[in-house]
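Please look over the side-chain contacts and the surface of the model shown here. The questions that follow take them in turn.

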Amino acid sequence: MADLVEGHGPFVDGGFVDGDGEVFAVENPATEQMVTEVRGASLAQVEQAGRAARRAFDGGPWPTMALGERVAAMRRFAAALDA
């Protein structure tokens, strides 16, 4: 098995943190070969991430953006996924 990757855990409140949940394997979907192991988020970290996302949404620009601006943002996101 690969070494546990620290510092590449859950993304919580604007940054990556070391997870304090269960360890799980990360596999290459093309080969099903294990790449590494990471520690997942605990319930407390998931709740913290949810609260941070709510604050970011409520205090960010998305709720006040015009429909056309939101559509353009989502198209950019889709193009990035395709790339």
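L81 is exposed, with a relative accessible area of 61%, where exposed means over 50%, buried under 20% and partly exposed in between (1.4 Å probe, protein chains only). This is a predicted model, in which local features need pLDDT of at least 70 and side-chain atom pairs count only at pLDDT 80 or more, while totals for chains, interfaces and linings use all residues. Residues are numbered from 1 along each chain as its sequence is written, and side-chain values use heavy atoms, with hydrogens and water left out.

Q: Which helix gives the most to the nonpolar patch?
A: The patch, of about 520 Å², is made by F57, W62, M74, F77 and L81; such patches join nonpolar side chains (Val, Leu, Ile, Met, Phe, Trp, Tyr) within 5 Å, from residues with over 30% relative accessible area and no salt bridge. L81 has its place in helix α2, helices being DSSP runs (H or I, at least four residues) and strands likewise (E, at least two), numbered from the N terminus. With three residues, the largest contribution comes from helix α2 (residues 67-82).

Q: With which residue does D13 form a salt bridge?
A: A salt bridge requires a side-chain nitrogen of Lys or Arg within 4 Å of a carboxyl oxygen of Asp or Glu. D13, in the loop between β2 (11-12) and β3 (15-16), is linked to a partner 42 residues apart in helix α1 (residues 43-59). With the closest N and O atoms 3.1 Å apart, that partner is R55.

Q: How many residues apart are R54 and D58 in helix α1?
A: The side chains of R54 and D58 meet in a salt bridge at 2.9 Å, N to O. Their separation is about one helical turn, because in helix α1 the spacing of R54 and D58 is four residues.

Definitions and conventions
Patch = residues over 30% accessible without salt bridge, like charges linked within 9 Å, V, L, I, M, F, W, Y side chains within 5 Å. Areas by Shrake-Rupley, 256 points an atom, 1.4 Å probe, with all protein chains shown as cover.
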